Amino acid sequence: MTDAPRPPLPPFTRETAIEKVRLAEDGWNSRDPERVALAYTVDSRWRNRAEFATGRDEIVAFLTRKWDRELEYRLIKELWAFDGNRIAVRFAYEWRDDSGNWFRSYGNENWEFDDDGLMRRRYACINDLPIQESERTFHWPLGRRPDDHPGLSDLDL
């Protein structure tokens, strides 16, 4: 794993903050823990629900567990606010467990970046809503959300 810069770099404009959010969404939709971890500093600190992770190795372990449990994971992120080297997003993702139960998870994240555009802090608050399979709205093939797929505001989520 390298520490290569990850543009766009702070300080963020509205356009670069939106780009950074979409790049993060694309990475998470890959469901590749090693790839996703490269967007974070080697000593990145996370709070995800009630779980804490520090550093890329713990991030990879966390994401591996997550995507082993959250099957058919599809995520949409949306910029909420930004200032300097910080971005706030809201998101929703749909997934099912190994018993076929579907969920839509809603949340907010606060991000802080270093000068190279690597995320050094990530704080996430998430709530899970059980849904019926017929209530799903994220139907694209696994992987990157297509550019023409509606975002959260368009879906009124």
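Which residues do ring pairs link into a cluster? The panels below answer this and show further details of a predicted model.

**View 1. The aromatic cluster of the predicted model.** Ring pairs join Trp28, Tyr40, Trp46, Phe62, Trp67, Tyr73, Phe91 and Tyr93 into a cluster. Over the whole structure, a search returns 11 aromatic pairs. One of them is Phe91 with Tyr93, a stacked pair with 6.1 Å centre to centre and 15° between the planes. Phe91 has a relative accessible area of 4%, so Phe91 is classed as buried. Tyr93 is also buried, with a relative accessible area of 2%.

**View 2. The ring pair of Phe138 and Trp140.** The ring centres of Phe138 and Trp140 are 5.5 Å apart and their planes meet at 25°; the pair therefore counts as stacked, since stacking requires planes under 30 degrees apart. Both Phe138 and Trp140 are buried.

**View 3. Lys77 over aromatic faces.** Lys77 sits over the face of Trp28, at 5.3 Å from the ring centre. Lys77 also lies over the face of Phe91, where the distance to the ring centre is 5.1 Å. Trp28 and Phe91 are both members of the cluster in View 1.

**View 4. Strand E1 and its pairing with E6.** Strand E1 covers residues 40–48 and runs parallel to E6, with five bridges joining the two. Tyr40 in E1 has Met119 of E6 as its bridge partner. The ring of Tyr40 is also part of the aromatic cluster.

**View 5. The hairpin of E1 and E2.** Strand E2 spans residues 51–54 and runs antiparallel to E1, to which four bridges join it. The bridge partner of Asn48 in E2 is Glu51. Two residues lie between the strands of this hairpin, and Arg49 there takes a positive phi near 60°.

**View 6. Gln132 after strand E6.** Strand E6 comprises residues 119–131, and Gln132 lies in the segment that follows. What is the relative accessible area of Gln132? The value is 54%, so Gln132 is classed as exposed, the cut-off for that class being over 50%. Gln132 and Gly100 are separated by 32 residues in sequence, and their C-alpha atoms are 9.9 Å apart in space.

Key: Residues are numbered from 1 along each chain as its sequence is written. This is a predicted model: local features need pLDDT of at least 70, side-chain atom pairs count only at pLDDT 80 or more; totals for chains, interfaces and linings use all residues. Side-chain values use heavy atoms; hydrogens and water are left out. Buried means under 20% relative accessible area, exposed over 50%, partly exposed in between (1.4 Å probe, protein chains only). Rings of Phe, Tyr and Trp (its six-membered ring) pair if their centres lie within 6.5 Å; planes under 30 degrees apart count as stacked, over 60 as edge-to-face and the rest as tilted. A charge sits over a ring if NZ of Lys or CZ of Arg is within 6 Å of the ring centre and within 35 degrees of the ring normal. Two strands pair if DSSP finds at least two bridges between them.
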